[in-house]
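Please read them with the sequence and the structure open.

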Amino acid sequence: MKRPFTLLGLSFVLSFALVSCIETVSPGEDVEPEDPDFSTVPAPFDTTGKPVTRLENGVYHYEIREGKGAFKVVYRDQISVHLTLRKTNGEIVTSTYADSSTSPTVVFVSNMSVEGLKYGMIGMREDEQRTVVVPPAMGLAGVPENDPNYDLRNDTLLYDLQLVYIAN
């Protein structure tokens, strides 16, 4: 009979310990998100002299390194990709390498919100590297004012991509 009470007591102690470790915020108090550490993000890909492919609606990409394998990315695929998004002035917006991460992100191509990025990824093979250039009209031009990417609505977006895996 003591065993259930012991487990219940242990559960209570662990729950209390976890709750006491959580930082609380008073109602109405703003919490500043920590800025990501971009010091481990690789330098932008060098597009000098690289082949350029022009797509519809002003999107184009540079082939930095040719990919391998029999499969190419199609609209329905789930992919694993390293990605760094920069503005044309070189400012990093986001990266899978932020905060010393070495893990790629896993996404469904069809679920990506930036249309120009989808078009720029179609046809990639595993281990391929591309820089995809997305004009505002195919990027974030239509985001509403309350969207966190609203400040990027007029920017041309530069995506350095390395395709790790296609799970088709």
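How many salt bridges does the structure hold? The count is six, a salt bridge being a side-chain nitrogen of Lys or Arg within 4 Å of a carboxyl oxygen of Asp or Glu.

1. Basis. The model is predicted, so local features need pLDDT of at least 70 and side-chain atom pairs count only at pLDDT 80 or more, while totals for chains, interfaces and linings use all residues. Residues are numbered from 1 along each chain as its sequence is written, and side-chain values use heavy atoms, with hydrogens and water left out.

2. Overall layout. The protein has two helices and seven strands, in the order α-β-β-β-β-β-α-β-β from the N terminus. Helices (H or I, at least four residues) and strands (E, at least two) are DSSP runs, numbered from the N terminus. Of the 168 residues, 30% count as buried; buried means under 20% relative accessible area, exposed over 50%, and partly exposed in between (1.4 Å probe, protein chains only).

3. Aspartate 127 and lysine 68. These two residues form a salt bridge whose closest N and O atoms are 3.4 Å apart. Aspartate 127 sits in the loop between α2 (115–121) and β6, and lysine 68 in the loop between β2 (60–65) and β3 (78–87), so the pair links parts 59 residues apart in sequence. Aspartate 127 is partly exposed at 22% relative accessible area, whereas lysine 68 is exposed at 54%.

4. Aspartate 160 and arginine 86. Their side chains meet in a salt bridge at 3.1 Å, N to O. Because aspartate 160 lies in strand β7 (residues 157–167) and arginine 86 in strand β3, the pair ties together parts 74 residues apart in sequence. Both aspartate 160 and arginine 86 are buried.

5. Glutamate 91 and lysine 87. The closest N and O atoms of this salt bridge are 3.5 Å apart. Glutamate 91 is partly exposed, at 41% relative accessible area, and lysine 87 counts as buried at 19%. Elsewhere, salt bridges that share partners join Arg65, Lys68 and Asp127 into one network.

6. Arginine 130. This residue belongs to strand β6 (residues 129–134) and is buried, with a relative accessible area of 6%. The side chain of arginine 130 reaches the backbone oxygen of glycine 120 at 2.5 Å. Where the side chain of glutamate 128 is concerned, arginine 130 makes a polar contact through its own side chain at 2.8 Å. A polar contact is a pair of N or O atoms within 3.5 Å; within protein, one must be able to donate a hydrogen and the other to accept it, and residues adjacent in sequence count only if both atoms are side-chain atoms.
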